[in-house]
Amino acid sequence: MNTDHSDANEGPLFDTNLLKEIAKKDLVNSLNAVNGAKTLVLDTALAGPLGLVTEVSLLKQHGVDKMFWLEPGPLSSTTTNIVYLCRPKIKHVKIIADQIKRHAQEARKHTYTLLLTPRVSTLVTRILEEEGVLGEVTLSALNLQFIPLAEDVISLEYDHAFKELSVIVGKGDYAKRLASLLVRQNKVSTSAAETVLSSAANIDSLIVLDRRVDMITPLLTQLTYEGLLDELIGIKNSHVELPVAIINPPTANASSSSTTASPSTAPIVNVKKDAKKKYHLTTATDPLFAELRDLNFSSVGRKLNTVARRLDDDYKTNLQMKTVAQLRDFVGKLGGLQTEHQSLRLHTAISELILPLTRTDVFNKSLEIQQNLLASYEVSSQVAAIEDLIAQGADMQIVIRLLCLASITAGGIKAKTLENIKREILQTYGFQYLPLLLSLAQPSLAMLLPNPLPPSVSPSSKYPFSLVRKSLRLLLDDNLEALEEVENDIGFVYSGWAPISIRLVQCIAQKGGVISNPAEKEKSGDEQSKASIGRVQAHPIVGWKGFEDVVSAIPGETVEAAQRHDGTGSALPPMSAASPITEQTTTTVVFFLGGCTYTEIAALRWVGRQNKGRRFLIATTGIVSGASIVESLATGVQTVQSAEPKPVSAQ
């Protein structure tokens, strides 16, 4: 199966699995530094990221006897060594200090090691000293940083990156701060992971986008296969929880011929009631996923049918073979056919799981409101429709996302109307969401503002939506038939709306794609020609040249600096002085500071397929969605944890 849309002679990106091996090696070395059997007490937030780089069996090979979650309450350990692994947060350190003091009171002797990721902080040392247990603990750092999620996506997998950014004033300002730090630390020796990133794949530039430069994109419902899976079921650390009947179906007739390849044979399951099991979404073992993940969901059914028919033909053809040589070839291909067959069955079942959820009244009404707001069509009617959703008891995060979208796109909501809606939200969903509403109204976020603005809020807090929409060609005019025929622009990920963040990347790395549609030439010809027609040689990176006005209108500082070999920064050279266009393939790193969505990843992959000579490596602090952002800002909602630590299951 062909899953690579690029020319073969361009070669792959550098092997992101090197980062996985580095993280695994660092973890093993840290565990081996503690001699003998040990109990591992793990921060629950690190379970997912660690699961992407190691397995429980490897931990046991290096002396881990038992594993517990890091939670308040007593900790019972049968080993002398106790190793805590967590992020350097105050609440974690206080729990650890409390457990150490309890052991001292009970006269239980243990040796304590505290592994902090990604680094040891002075604050942790101070708290341990104040608690009187600093002398009992050996402090060490586990440099767990970028983790590969896909062959072209690496993530810090930090859940609360957006929440912590949102409390500080500024949007693009944080891209500026990061750029300044990188310039300043250019001479400082870096970690092994950073060395891999800087030396491999001929990286020519780094594009940093602060999440708050584009808050519209995550508020929208993602319409790609992977994005919709995240919206409706949820993806965590590249794993999705699915009913067991989908992942491990009955094996009867599983190896029969092509009739089982039909999508209609997928098991019928209930996503809410059935027992769940985690499934790792990876192209390494699921090649069909590479073809499906970035498709608009409306195209997934046709793709599955195409694969099913091809498998059906392959089985029939192979069963007609008579000679020994032909049979030998069939046996050699059988493993690949069975893998494709299993993958087809799985994704057909997942699609059938998602499809009913996309046909609900609330889902479709939400999409209608989003499209109308993006087109600035009868805004007052859309706000009234949001009120109707509240009256129907729609999911709170859907209501908040639509309300924020209305505020950003319309420059605020009428003050009296907004106050009435806030009152309805609190009465319908509970007063625990008051801190969320207050956070959204803060000038640092400016996601839920009244119109006119109060004197305390600067007029610059308003997002220049109309200007950005027109200047960056965000709302596509193509009809639905055209959208179904071809991925005709990055707007396919939202069925006609181009993500602002990826348009900004195009302003830097594919300037022609902002002004006109680079894929229009692909509308004729066969599938093979579509992969090559319209691809042009990538131009040198010369900053925001040609788009200075619209970029300066977006709140936040603008970063345009070239890093010299002496570790200092300077302004980018003009186009005429930039490096000449060459046939050599380079890699451009796009770093989303505050998280990115699966639809943005899909759109950026599309941009990469239009360029010849440039590949994109996507780096992010984590994968986000509108739901996860709303959840991270809802500081008034606290998760109640059990007082007794629970053993970690080896699922």
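Biologist: Which strands does helix 26 lie across?

Modeller: Helix 26 (residues 598-610) lies across strand 6, strand 7 (153-155), strand 17 and strand 19, and runs at about 165 degrees to strand 19. Contact here means heavy atoms within 4.5 Å. Bear in mind that this is a predicted model, where local features need pLDDT of at least 70, side-chain atom pairs count only at pLDDT 80 or more, and totals for chains, interfaces and linings use all residues. Residues are numbered from 1 along each chain as its sequence is written, and side-chain values use heavy atoms, leaving out hydrogens and water.

Biologist: What makes strand 17 and strand 19 a pair?

Modeller: Two strands pair if DSSP finds at least two bridges between them. Strand 17 (residues 586-593) and strand 19 (residues 614-620) have 7 bridges, in the parallel sense, so they pair. Thr587, for one, has Arg615 in strand 19 as its bridge partner.

Biologist: Why do strand 6 and strand 8 count as edges?

Modeller: The open sheet has 5 strands in the order 6-7-19-17-8, with mixed pairing. Strand 6 (147-150) and strand 8 (203-210) each have a single partner strand, so one side of each lacks a neighbour in the sheet.

Conventions: Helices (H or I, at least four residues) and strands (E, at least two) are DSSP runs, numbered from the N terminus. Axes are lines fitted to C-alpha atoms, for helices over the stretch in contact, and angles run from 0 to 180 degrees between N-to-C directions.
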